[in-house]
Amino acid sequence: MTRELSGPEVAALAEAAVPGSVAKTTETACYLKPEHLVQTLEALKTSPEADLVHLTNLCGVDFWDHMEVVYHIQSFVQNHIALFKVETWDREKPEVPSVTPVFHGAWMQENETYDLYGIKFPGHPNLYRILLWEGYPGWPLRKDFLSMPGGLQPGLGEFAGVAPRQEPPVKVIE
Amino acid sequence: MDGGGIVFAFYVLAAVTLISAAGVLVSRDLLHAVLFLILTFVGVAGLFVLLSADFIAMAQVIIYVGAIAVLILFAVLLTPRAGRNNGETKFALPGILLAVCLAAVFLFVIHDVAWTTNDEAPVLGADQLGEALLTTWVLPFEIASVLLTAALVGAIMLARTPQEEAEDALA
Amino acid sequence: MTQTIKSEPFILNIGPQHPSTHGVFRIKATVDGEKVIEAEMVMGYLHRSMEKLAEERTYTQNIPFTDRTDYLSSMSNNLGYCLAVEKLASIEVPARGNAIRVIMSELQRLASHCMAIGAFANDTGAWQTPVMWAFREREKILDIFEVTSGARLTCNYMRIGGVAFDLRPQFEPMVRKVLNDFPPFLQEMEDLLSGNEIFLSRTRGVGVLSPEMATNASLSGPMLRGSGVAWDLRKADPYCGYEQYDFDIPIGYQGDSFDRFIVRLEEMRQSLHIIQQALDGLPSGPHSTQVPLALRPPKGEAYARIESPRGELGYYLVSDEGPAPYRFHIRPPSFINLSALREMTVGGTVADAIVVLGSIDIVVGEIDR
Amino acid sequence: MSIGIEHFLTVGALVFCLGLGIALSKRNAIGVLMGVELMLNAVNLTLITFSRFATSERPIAGHTFVVFIITVAAAEAAVALALAVSVYRNRETVDVDQFNLLRS
Amino acid sequence: MSIPVLALATDHWYDLRDLANISDAILDGADKVLPFGIVYVLAALIGFVASFLIFVLPSQLYLGVYGERKIIGRIQSRYGPNRVGPFGLLQPIADAVKLLTKEALTPKESDRAVMYVAPIIFVMPAVLIFAVIPFGPRMVFANVPVSLLYFMAISSLPVIATFMAGWSANNKYSLFGAMRIVAMAISYEVPLVMALLGAVVVTSGAPYAGDFLNGLALQDMVLWSREFHIWVVFVQPLALVIYFICVSAELNRTPTDIAEAESEIVAGYLTEYSGMKWGLFYGMDIGYALGASAFAATVFLGGWTFFGLEKWVPPWMIFIGKTHLFYFLFIWTRGTLPRLRSDQLMAFAWKFLLPLALFNIFLVATERMIWSSQDYAKGLIYVFAVVNIAVSIAAVYGWARFLGYRPENTPVRPRLVKNAGGYIPVGSEANR
């Protein structure tokens with residue numbers, strides 16, 4: 001059974017590898033500072049006790065006010081999986097350093113995240129819109145994409161008789 | 001050589017040969033020129049058949065059409081698009097004039113000489129040719145084989161790139 | 001005399017409409033003669049924005065979407081998504097439901113690998129025969145799916161907390177027939193292809209991936225195992241009670257296309273073995289737990305993955321206690337397996353590129369989603 | 001109406017002169033080569049004609065010559081094409097007007 | 001120089017064992033009424049029409065189109081055409097009608113003249129090939145003394161047509177097909193000629209009816225197998241194998257169809273063709289394969305003879321049966337084998353087939369010397385047959401081993417491990 005490392009465990013590993021790299025820790029995830037991201041993952045990949053060699057999953061999540069990039073990294077020999085996150089608070093020009101130099105497998109997934117969220121990955125060798133075409137208006141997986149006039153929001157708002165979802169913290173762009 | 005069939009065949013074949021040879025001269029596209037050249041070879045092979053040189057005719061088609069023309073096509077493919085222009089040099093006019101003069105001389109000689117001919121076609125099959133090659137002409141035959149080998153080696157050496165030579169030197 | 005060599009490389013568009021791209025996928029290859037010197041992937045022709053759409057459907061309504069991603073292995077896709085929701089909402093699945101899920105996903109693996117090796121042989125130029133033989137066997141599995149779920153290709157059979165319906169009485173004899181028919185068929189394929197000198201010379205040493213490269217490029221499934229990395233989520237991270245069953249992980253020797261082919265062939269044998277065990281020990285009891293229709297999982301996130309026929313199929317869900325997932329992310333194995341396509345094709349010929357693409361076993365519906 | 005030696009010789013002469021014209025006038029090296037091939041073919045035709053019509057003790061000699069000429073032509077074509085390709089590679093042209101390396 | 005062929009059948013026109021009787025009767029009758037010279041044209045027409053009506057057209061439609069689809073269907077465990085007519089027998093006609101009514105598109109940027117001419121040039125040699133094939137003792141349209149060379153010469157022409165087709169379409173896939181076919185034609189012509197040379201060395205100069213056989217004439221090769229009661233294939237098994245491989249490479253049949261490799265370059269030189277222009281290429285591909293089969297049946301399988309059976313059964317039926325049998329080999333390989341890469345195919349011609357063909361010539365020339373020194377003893381040829389079969393198998397196997405054929409070193413089953421983990425080097429999987 002693969003052990004899912006808890007947030008503090010991952011943070012301890014990351015701190016041991018690169019001191020000062022952890023921004024904050026939750027129960028499941030370890031938030032890294034963007035400027036230390038590549039260095040930390042590189043160190044964890046080579047260190048035998050962490051052995052985080054397989055970037056299993058990389059995706060973005062939009063939380064209206066900020067966006068996160070989520071990294072699931074797997075170790076084959078230790079058989080554990082670690083969850084890293086990086087936050088970016090700039091909605092106009094979100095940027096997270098690219099981990100493609102460390103994990104070649106991030107090539108496609110960062111392209112996809114850029115395509116659907118507009119998060120730029122400096123250091124990526126060839127960042128382009130992989131699924132949509134160049135010049136496609138907007139970033140479709142952002143929550144404010146295609147917000148309709150009249151205050152309708154994406155997402156399934158409600159069932160009958162259930163209180164509506166709370167207002168988003170960011171103003172909807174018309 | 002009488003008979004309506006032979007006369008008809010000769011004129012058709014001569015027309016094919018000459019028209020396609022002229023086509024090689026006038027066509028601007030190198031590839032079209034090669035295709036005309038192939039047609040010329042086929043026409044000449046037909047004339048060989050009329051001259052009851054069956055073996056030579058077949059050898060003409062196999063070697064000229066099957067090998068040399070295909071080789072030329074390959075060379076055309078290997079040179080990029082810019083090299084496929086079949087235009088004339090500045091010496092075109094004098095060259096063609098010289099050819100025309102030479103043709104006039106040839107035609108005059110051909111029609112002026114009283115040729116003594118035999119109407120009976122000599123029996124010249126593949127077996128006679130083989131025997132002649134291996135008895136009377138055995139020395140040229142061997143020299144031709146050496147020439148072919150030399151051409152083979154030379155062609156390979158010429159067409160090699162410096163990279164390939166470097167690779168072979170390492171190997 | 002200058003010694004520069006000027007050859008004229010030109011761009012060859014392999015696809016989007018091409019017999020060997022298995023859908024609308026395009027490789028923009030720069031070729032020098034027959035040699036590929038640069039390959040760029042162009043995809044997205046089939047993009048249906050599933051991840052966005054799923055944010056507007058309830059958790060149960062999203063199950064049919066997962067059918068349409070990897071349409072050649074819909075059962076596995078259903079399963080991966082249901083596992084993610086169950087992990088998010090902490091739902092237990094009864095033992096019978098788990099066993100049915102195992103049987104179904106292994107049958108799906110058989111069907112998908114049939115298609116994979118058939119299409120792969122087609123890409124090497126075997127004129128339709130292997131693919132037709134594989135289709136013959138695949139039909140039997142699709143018949144089982146039809147009897148069980150009512151659909152052949154997009155089954156929509158798994159539910160959150162179990163499976164949609166219990167098994168029909170004719171299910172067991174049909175599966176037994178498949179178990180009987182498959183070993184001779186696998187032997188047939190081995191005779192037809194594995195020992196074929198032409199097939200060997202087309203696939204051996206073509207598209208070689210070192211284990212380091214395979215790991216670094218996040219590959220999974222037969223691509224990773226073909227390179228000699230023993231990694232199978234059914235062993236490493238068992239789900240649905242895979243730990244009860246006895247089976248082996250097949251791994252390749254040097255990571256070329258032929259290794260991926262024999263790994264797939266052997267995986268089919270192991271799948272048969274698993275189905276045999278699961279069918280013999282099929283527990284009785286409910287096939288599903290009762291789950292509220294308007295499922296509202298607690299706030300949080302879950303990443304669940306399964307070993308789909310193409311590799312690690314992961315679903316990353318974020319819930320905000322709403323009736324629909326706040327974020328629905330698919331980790332599509334064949335999309336990420338393409339990361340190494342450029343490394344495998346550049347330097348080979350165009351024909352090799354086709355073979356490499358066939359050995360990756362892509363499904364364009366899953367790449368573009 | 002009958003076909004005699006003059007007819008064949010005329011065809012041979014005309015093809016030869018056309019080949020000469022091509023060889024002298026064409027700019028492309030491969031075009032020049034084609035002209036040379038045509039000339040050789042015309043010579044073959046003439047030789048076979050004489051072998052057929054001439055009163056000789058050994059008429060097979062004409063055929064033998066043709067075999068040798070075909071051999072030489074094949075070798076020549078191979079070498080000439082290799083030359084053309086390698087010249088193109090080094091000079092990026094097959095224009096015979098541009099082959100002026102020996103000019104000071 | 002031509003050798004008198006034993007008249008197997010009577011001279012009556014109704015004797016169907018030799019269809020030349022009918023045509024002779026027609027021509028005799030026509031000669032009495034028509035002016036001089038017309039009869040030559042008529043003879044050519046009869047020969048053309050008869051060979052097409054009796055052999056090429058039915059074989060092409062019903063073996064080439066229907067039979068091929070049906071047989072490949074059975075190989076692929078499906079039914080094949082079964083909708084049009086009884087057992088789908090009208091399928092080829094339906095195909096032809098469909099092709100004729102389709103629009104033949106020409107791309108805008110193509111070389112229109114060349115693209116138009118290419119299918120026509122492609123068809124011509126396919127028709128010309130059958131001129132020299134002997135269907136029966138007297139049923140040969142043009143019994144030229146160098147008919148074997150004639151076949152070689154004609155079969156080198158379609159390459160030009162396919163090159164024209166590939167070049168003129170101005171499509172990159174077509175250009176790939178054209179490049180490949182030109183490269184392949186040069187390579188495979190060489191072992192093909194070498195292999196046929198072996199057969200010629202066996203047959204030429206053997207005594208027959210007080211004269212000597214001319215090995216370059218196809219009819220004489222048939223007479224050779226009739227005289228010595230053995231087919232050339234038994235004396236020259238290696239030559240037949242090399243011939244088969246080379247000819248399927250030249251004809252673009254499937255194991256070697258790199259010029260129109262469907263999974264790689266869409267349809268190669270045919271990519272831009274449609275309608276009946278494509279249909280001509282498709283139909284004449286079958287025509288060439290039939291011509292190659294007829295040639296192989298004549299040279300290697302004894303032509304219209306069948307160990308004396310030709311006295312009772314019409315020889316042309318025996319010949320057609322043999323041709324179809326050989327054609328079945330093409331269909332069979334098409335249905336079972338994957339395709340080689342173009343460079344592998346080229347290497348196969350030069351590294352494998354050519355040395356074997358040279359070895360074969362050396363072998364057969366030695367035997368020919370022994371045979372002529374023994375005054376062409378009839379029994380000796382059977383000894384040669386046994387020796388040649390054994391030596392050929394040994395030569396093929398030995399040369400393959402020499403070139404690195406090691407089936408025992410190729411694992412066809414993957415390694416099995418019990419537990420997941422990282423990379424497992426080869427050899428250390430036992431302790432997992």
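Predicted model: local features only at pLDDT ≥ 70, side-chain atom pairs only at ≥ 80, totals over all residues.
**Entry 1: which chains touch**

I began with the chain pairs. Seven pairs of chains are in contact, and chains B and D share the most contacts of these. I also looked at two pairs that stay apart. Chains A and B do not touch, and I found their nearest C-alpha atoms 30 Å apart. Chains D and E have no contact either, with their closest C-alpha atoms 12 Å apart.

**Entry 2: chain D by itself**

Next I looked up chain D. I found three helices and zero strands there, so my sketch from the N terminus on simply reads α-α-α. Chain D has 104 residues, and 61% of them are buried.

**Entry 3: the B side of the B–D contact**

Back to the pair with the most contacts. Here 75 residues of chain B are in contact with 64 residues of chain D. On the chain B side, the elements giving two or more residues are helix 1 (4–26), helix 2 (30–50), helix 3 (54–78), helix 4 (92–112), helix 5 (126–134) and helix 6 (138–159). Helix 4 of chain B gives the largest share, 11 residues. I noted the classes on this side of chain B as well: 56 nonpolar, 17 polar and two charged residues.

**Entry 4: the largest nonpolar core**

Which residues touch the most other members of the largest nonpolar core? I have them down as B:Val34, B:Ala69, B:Ile72 and E:Tyr243, in a core of 381 residues. Domain 1 (1–92) and domain 2 (124–171) of chain B each supply at least three residues to this core.

Setting aside neighbours within four places in sequence, B:Ile72 is in contact with B:Val34 in its own chain, and with D:Ile30, D:Met34, D:Ala77 and D:Leu81 in chain D.

**Entry 5: a helix pair in chain C**

Last, I moved to chain C. How do helix 4 (residues 95–123) and helix 14 (residues 350–360) of chain C pack? Their axes are 8 Å apart, at an angle of about 180 degrees. Angles over 145 degrees count as roughly antiparallel, so that is how I describe helix 4 and helix 14 of chain C.

For the residues, I wrote down C:Ala119, C:Phe120 and C:Asp123 from helix 4, meeting C:Ile354, C:Val355, C:Gly358 and C:Ser359 from helix 14. By class, the residues of this contact are four nonpolar, two polar and one charged.

Key. Residues numbered from 1 in each chain as written. Chains lettered and ligands numbered in written order. Axes fitted to C-alpha atoms, helices over the stretch in contact; angles between N-to-C directions. Helix = DSSP H or I, 4+ residues; strand = E, 2+ residues; numbered from the N terminus. Parallel < 35°, antiparallel > 145°, perpendicular 65-115°, else oblique. Contact = placed C-beta atoms within 7 Å. Nonpolar A, V, L, I, M, F, W, Y, C, P; charged D, E, K, R; others polar. Buried ≥ 20, exposed ≤ 12 C-beta atoms within 10 Å, placed from the backbone. Core = buried A, V, L, I, M, F, W, Y, C linked by C-beta atoms within 7 Å. Domains from an automatic or database assignment.
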